[in-house]
Amino acid sequence: FTKCCQETGFLMVVKCRQENTALKDCLVGYYSDPSFYEECKAEYLKQREEYRETGIKKKRQKFTSNV
């Protein structure tokens, strides 16, 4: 999806529909998985606990695209 959008520019809304649909289908699969939800919840609670103890925010991890 990212590659399609970068190559297309402003017309991505029209030209990248198929890639967008595939991306949404993939994300819905993850969001509806109870074990993945619990894993994300545990990670969030751990980070929140660390912040409350130290007062120091952890830097967000930047993900690189597969482009």
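Reading from the N terminus, the elements of the protein chain follow the order α-α-α-α. That comes to four helices and zero strands, where helices (H or I, at least four residues) and strands (E, at least two) are DSSP runs numbered from the N terminus. This is a predicted model, in which local features need pLDDT of at least 70 and side-chain atom pairs count only at pLDDT 80 or more, while totals for chains, interfaces and linings use all residues. Residues are numbered from 1 along each chain as its sequence is written, and side-chain values use heavy atoms, leaving out hydrogens and water.

**Confidence**
- The protein chain has an average pLDDT (the predictor's confidence in each residue, from 0 to 100) of 85, and 87% of the residues score at least 70.
- Among the elements, H4 has the highest mean pLDDT (92) and helix H2 (residues 12-15) the lowest (86).

**Surface**
- Of the 67 residues, 4% count as buried (under 20% relative accessible area; exposed is over 50%, partly exposed in between, with a 1.4 Å probe and protein chains only).

**Two residues to look at**
- Tyr30 belongs to helix H3 (residues 17-31) and is partly exposed, at 44% relative accessibility.
- Ser35 sits in helix H4 (residues 34-54) and is also partly exposed, with a relative accessible area of 48%.
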